[in-house]
Amino acid sequence: MKSKIKLLVATLTFSALFLFCQSAPTTYDMTGYIVDTKVNSSGEITVLVDGRSIETDQLTISDYGWAHISDNTDIFLNGKKVSTYPFIVDSSVLVYVTYDGLVAESYPVQGGAKSISIED
């Protein structure tokens, strides 16, 4: 009986660690630098990402587009999850966007961000 309880505790511990230790995604829909930002009346930010000058081996949806950042967007700074980030135009800060679903087929592409990873 004691061994079953120990096994249950160990299983629950590892499950909790797995669920709470989130890391940045490894594939992205768009990579680039923030070249413009917009803030709506609710305070939500939309960023224009330009990656046209970046060479990458990874296949992405677009190299230039808008990403809407909402309360449902996961934000990662240098690989660690953060709750907020001051999105500003900065050509030295690289961002990686993963969209949350369908994107508008216009150019530049537009869509909601599921996650955005920032490297500064």
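Which residue in S2 does tyrosine 33 stand opposite? In this predicted model, the residue opposite tyrosine 33 is aspartate 50.

Strand S1 covers residues 30-39 and pairs with S2 in the antiparallel sense. The two form a hairpin with five residues between them, and glycine 43 in the turn has a positive phi of about 85°. Strand S2, residues 45-50, is mostly covered, with five of its six residues buried. S2 also pairs with S3 in the antiparallel sense; here valine 47 has alanine 67 in S3 as its bridge partner.

| Strand pair | Sense | Bridges |
|---|---|---|
| S1 and S2 | antiparallel | six bridges |
| S2 and S3 | antiparallel | six bridges |

**Two individual residues**

Asparagine 72 sits in the loop that runs between strand S3 (64-69) and strand S4 (74-77). Its relative accessibility is 67%, so asparagine 72 counts as exposed, the cut-off being over 50%. Its C-alpha atom is separated by 9.3 Å from that of glycine 112, a residue 40 residues apart from asparagine 72 along the chain.

Threonine 98 belongs to strand S6, residues 90-99. Threonine 98 is buried because its relative accessible area of 15% falls under 20%. The side chain of threonine 98 reaches the backbone oxygen of threonine 27 at 3.4 Å.

**Confidence**

The average pLDDT of the protein chain is 83, and 78% of the residues score at least 70. Over residues 15-21 the pLDDT is below 50, and this stretch has zero contacts in the model beyond near neighbours in sequence.

Notes:
Residues numbered from 1 in each chain as written. Predicted model: local features only at pLDDT ≥ 70, side-chain atom pairs only at ≥ 80, totals over all residues. Heavy atoms only, no water. Helix = DSSP H or I, 4+ residues; strand = E, 2+ residues; numbered from the N terminus. Buried < 20%, exposed > 50% of the residue type's maximum accessible area, 1.4 Å probe, protein only. pLDDT = per-residue confidence, 0-100. Contact = heavy atoms within 4.5 Å. Polar contact = N/O pair within 3.5 Å; in protein donor to acceptor, adjacent residues only side chain to side chain. Pairing = 2+ DSSP bridges.
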